[in-house]
Amino acid sequence: MSDQVRLRIGPSPTGDPHVGTAYIALFNTVFAKQHGGKFVLRIEDTDQTRSKPAWEEMICESLQWLGLTWDEGPDVGGEYGPYRQSERGPIYAEHINMLLEKGAAYRCFCTAERLTELRAQQREQKVNTGYDGHCLGLSADEIKAKLDEGIDHVVRLQVPKDGQTTIKDHLRGEVTFENTQIDDQVLMKSDGMPTYHLANVVDDHLMKITHVMRAEEWINSTPKHVLLYDAFEWDPPVFIHMPLLRNNDKSKISKRKNPVSLNYYKEAGFLPDAMINYLGMMGWTMPSGEEKFTLEDMVEHFSFDRISLGGPVFDVKKLTWLNGLYLREQEPNELFNQLRSVVLSDDYLQEILPLVQERVEKLEDFVDQTAFFFSGDVAYDEQATKHLMAKGKTVKEMSTIFKAIGDKIDAMSDVSVEGIEAALKEVIAEMELKPKHVFMPVRIAVTGRKASPSLFETMAVLGKERCRRRLRNAIAHIKQNVK
């Protein structure tokens, strides 16, 4: 293990930059800075079907917006690169061969159909689901014959079926798992790409990561990682599992209940210093109990004994209150610049103007015609509520339609007029709807009014975050107000 403290985060570029990523990145940054160490950004893009360069770019931009920078990464380089897992294929192949030669891993040729049937049988018998070791006893000749036939296969770790595996967590002490509860995890997929478990362990070792600080949801995966470290005969890093961010009902924070995309908070006009401050409050307190503090304050005062393991509640109202403190402390010129750079930027105004130019007769009309472009949420009066409901549709059916459209938008890395139009038409086709069942209710949901510029262009300008949030609010509204 390196003498220098080295930490990393490994976001997957498969969706919007998440507040949870920023939360973990913040504490990694603070600990690294406090100890004169290095903070590494590693892009974990082994899921080639879902990973997109646009998501990676958004992750980097969002972290930089918050003032969280890294010492090594795909954009700045470093001596332990490449820092994208998709570019480290030969490294993983080499280490898979090491495990196969040691007898610590084995090839599995089971079909997806057999594995599905196996899981169904295990559920019926009410036993733990997991691989049954069917291919573990294959002879060298049998393996060679299958390889010569080109039969697809994965590589699994051979987990001992007796005894226990104990992990040491810096916040929780020793946590012990029965080996019978640990599956023979897949290390290499049939397409030759590593799974998270293999890539994570190999990269952390080769990049000399000394401390792995991540969310507590990874605790159950850690015994698999410890077994891998043992198989390679490597010393594991120090594991630190931070308390998970939660909703008010204590469930894991999710976009179904709260905005979780950093893009939303940036576009809504939350200040990066306020967001850093609030994320720092999640599970940790200043020695003085002070709620308002800076990144530098955290670096100076951080210690693990002030972390509470109870799940911190990510409360948007509390964040908004804190953001208000920061806004009111700004000099008028500074606040003016913030408004002009985010809410009233030239780029945003230039997107909106062509949509309403034919609708205004004097300049002051612009304010009324475009108010929904600048507001956070829109209000639905009695008339608007009526038009949120397509004729003949129930609240449940309309909720399903709004959710389906929101999911389509959520999957977009780049929102465009063409993309919005395609998304709405896909929902119409998939759910066998008529355009009138979709277009007017969606227009009301995202603008709060019947008369507005072109729906597709309006939604593209409003952007992903506003559209998705307003569709979710429309669902809540009709559930509460339509009988």
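1. On a 1 Å grid over the protein atoms alone, a pocket is an open set of points with protein on both sides within 12 Å along at least five of seven lines, a cavity is a set where a 1.4 Å probe fits but cannot get out, and lining residues have an atom within 4 Å of a point. This is a predicted model, in which local features need pLDDT of at least 70 and side-chain atom pairs count only at pLDDT 80 or more, while totals for chains, interfaces and linings use all residues. Residues are numbered from 1 along each chain as its sequence is written, and side-chain values use heavy atoms, with hydrogens and water left out.

2. The largest pocket holds about 1300 Å³ of space, a volume being the space filled by probe spheres set on grid points that are joined across faces, edges and corners. Its lining has 41 residues, and Pro11, Ser12, Thr14, His18 and Thr21 are those nearest the centre. Helix 1 gives the largest share of this lining, 4 residues, where helices (H or I, at least four residues) and strands (E, at least two) are DSSP runs numbered from the N terminus.

3. The second largest pocket has a volume of about 860 Å³, and of the 27 residues that line it, Asn263, Glu267, Glu351, Gly463 and Lys464 lie nearest its centre. Two or more lining residues come from each of helix 2, helix 8 (262–268), helix 13 and helix 19, with helix 19 providing the largest share, 7 residues.

4. Helix 19 also packs against helix 13 (residues 346–356), at an angle of about 145° and with the axes 8 Å apart; axes are lines fitted to C-alpha atoms, for helices over the stretch in contact, and angles run from 0 to 180 degrees between N-to-C directions. In this contact (heavy atoms within 4.5 Å), Tyr348, Glu351, Ile352 and Leu355 of helix 13 meet Glu457, Thr458, Val461, Leu462 and Arg466 of helix 19.

5. One cavity of 30 Å³ or more is found in a search of the whole structure, and the largest cavity contains about 60 Å³ of space. Its lining consists of Lys255, Asn258, Pro259, Val260, Tyr264, Glu465, Arg468, Arg469 and Arg472, and helix 19 (residues 455–481) supplies the largest share, 4 residues.

6. Elsewhere, the axes of helix 16 (residues 395–410) and helix 17 (residues 417–430) come within 9 Å and cross at roughly 140°. The contact is made by Ala404, Ile405, Lys408 and Ile409 of helix 16 with Ile420, Ala423, Leu424, Glu426, Val427 and Glu430 of helix 17.
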